[in-house]
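Hi everyone, thanks for coming. Let me put the model up on the screen, and then we can walk through it together.

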Amino acid sequence: MAALDNLVVTTALPAIRQDLGGALEDLEWTVNAYTLTYAVLLMSGAALGDRFGRRKLFVAGLTIFTAASAAAALAPGIEALIAARALQGVGAAITTPLSLTLLTAAVPAARRGVVYGIKGAVDGLAVAGGPLIGGTLTEHLSWQWIFWLNVPLGLALIPLARLRLQESHAPDARLDVPGTLLVSGGLFGIVYGLVNANSHGWTSPQVLTALIAGTALIGGFIHHGLHAKHPVLPLRIFGVRAFAAVNAASVFMFLGMFGSIFLLSQFLQNALGYSPTQAGLRMLPWTAMPMIAAPLSGYLADRIGSRPVVITALALQALGLADFALITSPDISYAAQLPGLIVSGIGMGLFFAPAANLTMSSVRPAEQGMASGANSALREVGGALGVAVLAALFSARGGYGTARTFADGLIPALWAGAAAVALGALAATLIPTRTATRQSA
C-alpha cells in the first residue's frame, strides 16, 4: 500500500482537477505532499520502532495510513486532499522500514532470500503498477477509489498485525532527538527542493534555499553522528563496504527507475494516445515481471550470493532503458516496445530481494531498524531526484505539445535513466564477493 501510493495518483490528476479544482501547482502537491512526509520521516519511523516496539509502531502506522486514505477519499476540496496525502506519507514512513525489520526477525537467516523475494515482488509490482491501478479505478469507477482501496486492506491488516507479529525492540535503543531533528530537517529541505525544482526553476530562491539548508542540516547530522554516543544512525555502518555499496546502488536504481516510469507512463498516454487503462495494460510486461523475477532472485541469492544477482539486475534494467531510448519515436509500435519492457521488468524484479538481504545481513541485529530506515530514506531521495532530473532533461529538449516533442524530450531522459542504473551496477561491484554476515554479532 505504501509503495503503491507513491505513483497511484498520477493518472488520476485530470479527474481530481475536474472535481476539486485547483491550479497546476495544487495538483502537483497531491503527489509531492506524500513524497515529502514519506521521505522525511522514514528514519524517525525506524528509530521510534526500535525504541517503543516495532509491532506497536507498525500498527500505529497502519492506522494512520488507513485513516488518511479514508480522509483523502472524502476530501471536499484540493487543500483537504493535500493534507490527507501528507498524513498518508506519515503512516507509510512508519510502516515501510519496520516491515523489513519485522520480516527479518520472523524468518530464519537461511530462508530470508526467498521471503525477501516475495516481499520484493509485491513492492516492485506496487511501484510500477501504481499508474495502471490509478488509471483503471479512475476511468471505470472514480478517483476516490484509489484511496478507498486502502481502507478495507488496512482494517484487515491492523488486527492481523496485532495477533500474528511478535513484538521486538532494538537492544538499549534510545531516542536521539538532535539527530532525528537534523536528519528530518535535512531530508525535508532536499526533497522539498527537488520536488519543486521543475515548477519553480532550479535557480529560484525557494529551491536554492531549500537545497542549501537541507544540505547544511545533513552536514550537521553527519557531524552529530560521528560524535554522539547514541546517534539515530551510527555512521560507522557506512564503513561496512557491503552496506555502503548496496545503498549507493539503491539510490542510482531508484533514480533511474522512478524518473523513467514517471515519463514513460505519460508518453503512452500523451504521445501515443492510449487511455490510462490501455497504457497501464501495455506496461504489464514491465510491471508484472517482478511477480516472477523477485521470488527467483531470492532463491538465487540464497544459492549463489546476493552480489551477482544485484549486479545482473541493474545491468538488465540499464539495458532495458537504453533499448527504449534507442527505439523511441512518435509512432513506435507496441511490438518494438516489448523487449525493453520485459528486460526492464526482469531487472527490477531481480533487484529487491538481494538488496534487502545485503542491507540487513551486513549490520548487527541491533542496527537493523536503523539500516532499514536509512535504506528506505535513501531510496526515496533517489526516486525524488530521478523524477526531478529526468523531468528537467525532458523539458529542456522537448515538451507536451506534440508526440514529436514528447519523444524528443523523452529520449535524453531515458539515456540519463539508463546511465544512472548503470552507475548502480558499477557501485554493486564494490560489494564483497562473500559478504560477512553479522546476524550473530
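Before we look inside, one term: a nonpolar core is a set of buried Ala, Val, Leu, Ile, Met, Phe, Trp, Tyr and Cys residues joined through side-chain atoms within 4.5 Å. Please keep in mind that what you see is a predicted model.

So, which residues touch the most other members of the largest nonpolar core? They are Phe267, Trp286, Leu314 and Phe351, in a core of 53 residues. Helices α11, α15, α16, α17 and α18 each supply at least two residues of this core. The top contributor is α11, which gives 15 residues.

Let's stay with α11, which covers residues 241–271, and look at its partner α18, residues 403–428. Their axes come within 8 Å and cross at roughly 165°. Angles over 145 degrees count as roughly antiparallel, so α11 and α18 are roughly antiparallel to each other. The crossing is left-handed. And who sits in that contact? There are 22 nonpolar and six polar residues, with no charged ones.

Now a second pair: α15, residues 306–327, and α16, residues 334–361. These helices pack at an angle of about 155°, and their axes are 7 Å apart. That angle makes α15 roughly antiparallel to α16. Here, too, the crossing is left-handed. The contact of α15 with α16 has 20 nonpolar residues, eight polar and one charged.

Finally, let's zoom out. The domain assignment gives domain 1 at 1–172 and domain 2 at 233–432. The C-alpha centres of domain 1 and domain 2 lie 20 Å apart.

Definitions and conventions
Residues numbered from 1 in each chain as written. Predicted model: local features only at pLDDT ≥ 70, side-chain atom pairs only at ≥ 80, totals over all residues. Heavy atoms only, no water. Domains from an automatic or database assignment. Axes fitted to C-alpha atoms, helices over the stretch in contact; angles between N-to-C directions. Helix = DSSP H or I, 4+ residues; strand = E, 2+ residues; numbered from the N terminus. Parallel < 35°, antiparallel > 145°, perpendicular 65-115°, else oblique. Left-handed = near helix turned anticlockwise from the far one by under 90°. Nonpolar A, V, L, I, M, F, W, Y, C, P; charged D, E, K, R; others polar. Buried < 20%, exposed > 50% of the residue type's maximum accessible area, 1.4 Å probe, protein only.
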